[in-house]
Amino acid sequence: MHTEDTEDTGQKPPAAAYRNLLVATVGFTLTFWAWDLIAPLAIGYKERLGLSSFQQSLLVATPVLVGSVGRIPAGALTDRYGAKLMLPLVSALTIVPVLLLIPARDSYALMLLVGFLLGLGGTTFAIGVPLVNSWFPPARRGFALGVFGMGTGGVALSGYFTPRIAAHGENLPFVVVAVALAAYAALATVLIKDRPGRAVPVASLSSRLRQAGALRVTWELSALYAIGFGGVVAFGVYLPTYLKTWYELSPTDAGTKAAGFALVTVLFRPLGGRLSDRLHPAVVTAGALAVVAVFAVVQAFDPALGPVGTIALLAMAAGLGAAGGSVFALVSQVTPQSQVGSVTGIVGAMGGLGGFVPPLLMGAIYSAKDSYSIGFMLLSDLALAGCVYAYVRMRTLRQGP
């Protein structure tokens, strides 16, 4: 039976679909851990290298920028060559910057350079989405993509485990992650399979990117994802610094609480996808961003961490996580199958770029005003704008395969 039949919304996905989903999610998680290795240790780098708040923010944001932009070619290359080649290859190449963090630790310039290379780990999102999308029928894609999106939990793993592993050896976290990536690359080479009969584009890379960029929906989805996932990334890389600076927590305690925030975003991502299989994903997106807008205002008033601050941060985590799942459910519905990788690359890049700016902005605002309130009000404004646009404009888009 030809696997194109999985496009039938009534058919259950084959066992291979779930195997690929599981293996891709594990790889996404590991590479995201690698991508976020600098952030949980940023306080130590600040003290060792004598960095300002802005320099520290730039250090943790650099991998985010590169990983985001790198998703554009990674997605297009996945359309052409398939995830069976791309996912193990990128996982293996990420080992190089992970290990280079060891000799670079005493130089800010070298750390920025290695952070630039570490961005490679953030590109796997644009590799996994077209793989998962191709194996699952439209009626189940929202949930499947939400499950794959749980790989962003690599940030939570990094926030929790990296400082604890570092307590047993300064270089140990990098060695542990490098070994894990090597084992995964070998495993993925055997287990990842591209769907037979998948559409393989013949146009050039630049031509396919132009075609994806010419779709209006690409940029509408990009804007929404820049708010939703951008918020997740921004909190993931900057929340430990915020908690330590504003609430005077220890690095380990701040990392633990930041990991809890990231875990909530992970858990709510498949929920956003699942709800999008039942409702129009634009409605789910609007509701999720409305929650973010309300609680960002609450946090802007600098409440005590217990309980109001914790509730506000976790509510924002839930909203941002659900929005991440619902936006990509929408991508899978309105994008031609052969262009999913290219569109995913652009949308994913904009989401990551949405996470690049806030840490720099928060660091600059705190340096200038000794307050984070302005930053949270800006987040509220953006979330409210996204809420309105998703409900008024995106809700009118027709659902389709």
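Visitor: Where does the charged end of Arg80 sit?
Guide: The charged end of Arg80 sits over the ring of Tyr81, 5.3 Å from the ring centre. A charge counts as over a ring if NZ of Lys or CZ of Arg is within 6 Å of the ring centre and within 35 degrees of the ring normal.

Visitor: And the charged end of Arg164?
Guide: That one sits over the ring of Tyr160, 4.0 Å from its centre.

Visitor: What sort of model is this?
Guide: The model is predicted, with local features needing pLDDT of at least 70 and side-chain atom pairs counting only at pLDDT 80 or more, while totals for chains, interfaces and linings use all residues. Residues are numbered from 1 along each chain as its sequence is written, and side-chain values use heavy atoms, leaving out hydrogens and water.

Visitor: How many aromatic pairs are there?
Guide: The count comes to 11. Rings of Phe, Tyr and Trp (its six-membered ring) pair if their centres lie within 6.5 Å; planes under 30 degrees apart are stacked, over 60 edge-to-face, and the rest tilted.

Visitor: Which kind of pair do Tyr160 and Phe161 form?
Guide: Tyr160 and Phe161 are edge-to-face, 5.0 Å centre to centre with 85° between the planes. Tyr242 and Tyr247 also form an edge-to-face pair, at 5.8 Å and 85°.

Visitor: Tyr242, buried or exposed?
Guide: Tyr242 counts as buried because its relative accessibility is 2%. Buried means under 20% relative accessible area, exposed over 50%, and partly exposed in between (1.4 Å probe, protein chains only). Tyr247 is buried too, at 16%, whereas Tyr160 is partly exposed at 32%.

Visitor: Which residues form the aromatic cluster?
Guide: Phe28, Phe32, Trp35, Phe125, Phe148 and Tyr225 form one cluster.

Visitor: New topic. Which residues form the nonpolar patch on the surface?
Guide: Val96, Leu100, Leu110, Leu113, Phe116 and Leu117, with about 520 Å² of accessible area together. The elements giving two or more residues are α5 (83–104) and α6 (108–118). Areas come from the Shrake-Rupley method with a 1.4 Å probe, and for residues only the protein chains shown count as cover.

Visitor: What is the rule for patches?
Guide: Patch residues have over 30% relative accessible area and no salt bridge; like charges are joined within 9 Å, nonpolar side chains (Val, Leu, Ile, Met, Phe, Trp, Tyr) within 5 Å. A salt bridge is a side-chain nitrogen of Lys or Arg within 4 Å of a carboxyl oxygen of Asp or Glu.

Visitor: Which helix is Leu117 in?
Guide: Leu117 lies in α6. Helices (H or I, at least four residues) and strands (E, at least two) are DSSP runs, numbered from the N terminus.
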